[in-house]
Amino acid sequence: MIGDIVETKQCQLKDHMDLFHSGQVVKICAPMVRYSKLAFRTLVRKYGCDLCYTPMIVAADFVRSAKARDSEFTTNKGDRPLIVQFAAKEAQILCDAARIVCPFADGIDLNCGCPQRWAMAEGYGACLINKPELVRDMVRHVRNQIDNPRFSVSIKIRIHEDLKRTVDLCQKAEATGVSWITVHGRSVEERHQPVHYDAIKIIKQSLSIPIVANGDIKTLKDAENVHHLTGADGVMVARGLLANPAMFAGYEETPLKCIQDWVDIALEHGTPFTCFHHHLMYMMERITSKQEKKVFNILSSTSAVLDYLNNYYGV
C-alpha cells in the first residue's frame, strides 16, 4: 500500500551500496514468494540482516493494476535498505515499475533466475540468462530513466552448463551499469544438487562489481565458508532464514525471543493467519518433536496458536 507510506528522504539514509565496501560480507534476505513480506523483513532486520528483497513481483501486473500494487508491495519507513525484485521481459515496463517504487525503495532487481515452468513459459526468470542483449537493454533503460544515481539496478541469475556463457552475460550486464549480481550456483535444471561454489568464484574473479553468492546457506558458519570459498561480497539466504530468522545473529536454531518477536510483529502488521502459522512451522522445525509438530501444524486460528505457544513455551 504505497499511498500510506511515510516517504523517507534518500539523503537521511546511508547509501546501501556502501554495504558492499564495508569489508564485511553483506547479509541478505532473499526474495521468497509469499514469505519475504514486510513483517518477515522487519523480523530478520532485528537479527543482523543487512539488506532485504521483496518477493518477486510481475512488473506488467504491477504497472497495470492498483490492486496488484496494494497487495504486492507494502513497506514502511523502517524497512530499509530495500530492493524490489521484478519479473520483466520488456524494458519500458520494468522502467515504469521502477519509477513507481523509486521513492520507497533503494533499488530494483531483475529476476533472471526463477526456474519455475510458468515463469519460463511467460519469458520471465531463468530464460533471461539466454538473452544477454535483452537483459542489457532492460538494465540500460532503468539506468537512463531513473535520475537518482544511488538507486541500484541488480540482477539475480542461475548459471549455464557452459560457464563461459554466464561470465559473458555478467560482463555485458556490468558494462551496462548493473550495480551487483546475485549468482545462484545451480543451473536451471538443478534443484537439490550441490551448489557450484567454484562457478561463483570464477564469476567473482571475472568482474569488478560486487557479487552475491546464493544457494544452500543455512547457518552463519555456512555464510562465512561460502564467502571464503567464492570471494563473494555478500551472501543471500532463503530457506535458512525461514528456518531460523536469527541465523545472521549467530544463533544455531530459532531462539524463543525470535518467536516472541515474530508473534508481536505479525500481530502488529495484521499478517494473515496462514502466513503467520507457516512462518512459525518453519521456525519451530528444529525445536519441536514429531508429536508436537502434529499438534501444532493443524492449529487453525491465531488464538489457538497463541494459546499453544503460551502453554508450551511461555511465549
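Residues are numbered from 1 along each chain as its sequence is written, and side-chain values use heavy atoms, with hydrogens and water left out. Because the model is predicted, local features need pLDDT of at least 70 and side-chain atom pairs count only at pLDDT 80 or more, while totals for chains, interfaces and linings use all residues.

Reader: How many residues does domain 2 give to the contact with domain 1?
Author: The chain is assigned domain 1 (16-246) and domain 2 (256-313), bounds that come from an automatic or database domain assignment. Taken over C-alpha atoms, the centres of domain 1 and domain 2 are 29 Å apart. Contact means heavy atoms within 4.5 Å. Domain 1 gives 16 residues to the contact, and domain 2 gives 13 residues.

Reader: Which pocket lies between the two domains?
Author: On a 1 Å grid over the protein atoms alone, a pocket is an open set of points where a 1.4 Å probe fits, with protein on both sides within 12 Å along at least five of seven lines; lining residues have an atom within 4 Å of a point. Domain 1 and domain 2 both supply lining residues here, so the pocket lies between them. Its lining has 20 residues, with Lys37, Leu38, Ala39, Thr74 and Pro272 nearest the centre. This is the second largest pocket.

Reader: Which helix supplies the largest share of the lining of the second largest pocket?
Author: Helices (H or I, at least four residues) and strands (E, at least two) are DSSP runs, numbered from the N terminus. At least two lining residues come from each of α1 (38-46), α3 (66-72), α11 (256-269) and α12 (273-284). The largest share is four residues, and it comes from α1.

Reader: What is the volume of the largest pocket?
Author: A volume is the space filled by probe spheres set on the grid points, which are joined across faces, edges and corners. For the second largest pocket the volume is about 340 Å³. For the largest pocket it is about 910 Å³.

Reader: How many charged residues are in the lining of the largest pocket?
Author: The lining has 32 residues, and Pro31, Met32, Gln116, Arg158 and Ala238 lie nearest the centre of the pocket. β6 (152-158), β9 (234-237) and α10 (239-243) each contribute at least two of the lining residues. Ala, Val, Leu, Ile, Met, Phe, Trp, Tyr, Cys and Pro count as nonpolar, Asp, Glu, Lys and Arg as charged, and the others, Gly among them, as polar. By these classes the lining has 15 nonpolar, nine polar and eight charged residues.

Reader: How many residues of α1 are buried?
Author: Buried means under 20% relative accessible area, exposed over 50%, and partly exposed in between (1.4 Å probe, protein chains only). The cover over the buried residues of α1 includes β1 (26-29), β2 (51-53), β4 (82-87), α10, α11 and α12. Leu38, Ala39, Phe40, Arg41, Leu43, Val44 and Arg45 are the buried residues. Of the nine residues in α1, the buried number seven.

Reader: Is Arg41 buried or exposed?
Author: Arg41 lies in helix α1. Leaving aside neighbours within four places in sequence, Arg41 has contacts that include Cys52, Tyr53, Asp79 and Leu82. Because its relative accessibility is 2%, Arg41 counts as buried.

Reader: What is the relative accessible area of Met236?
Author: Met236 is in strand β9. Not counting residues up to four places away in sequence, Met236 touches residues including Ile28, Pro31, Tyr53, Lys156 and Val212. Met236 is buried, at a relative accessible area of 1%.

Reader: Is Asp264 buried or partly exposed?
Author: Asp264 is in helix α11. From Asp264 to Ser301 the distance is 16 Å, C-alpha to C-alpha, across 37 residues in sequence. At 39% relative accessibility, Asp264 counts as partly exposed.

Reader: How many disulfides does the structure hold?
Author: A disulfide is a pair of cysteine sulfur atoms within 2.5 Å. The closest cysteine sulfur to that of Cys49 is in Cys52, 3.9 Å away, so the two are too far apart for a bond. Cys258 is in no disulfide either, as the nearest cysteine sulfur, that of Cys49, is 12 Å away. The number of disulfides in the structure is zero.
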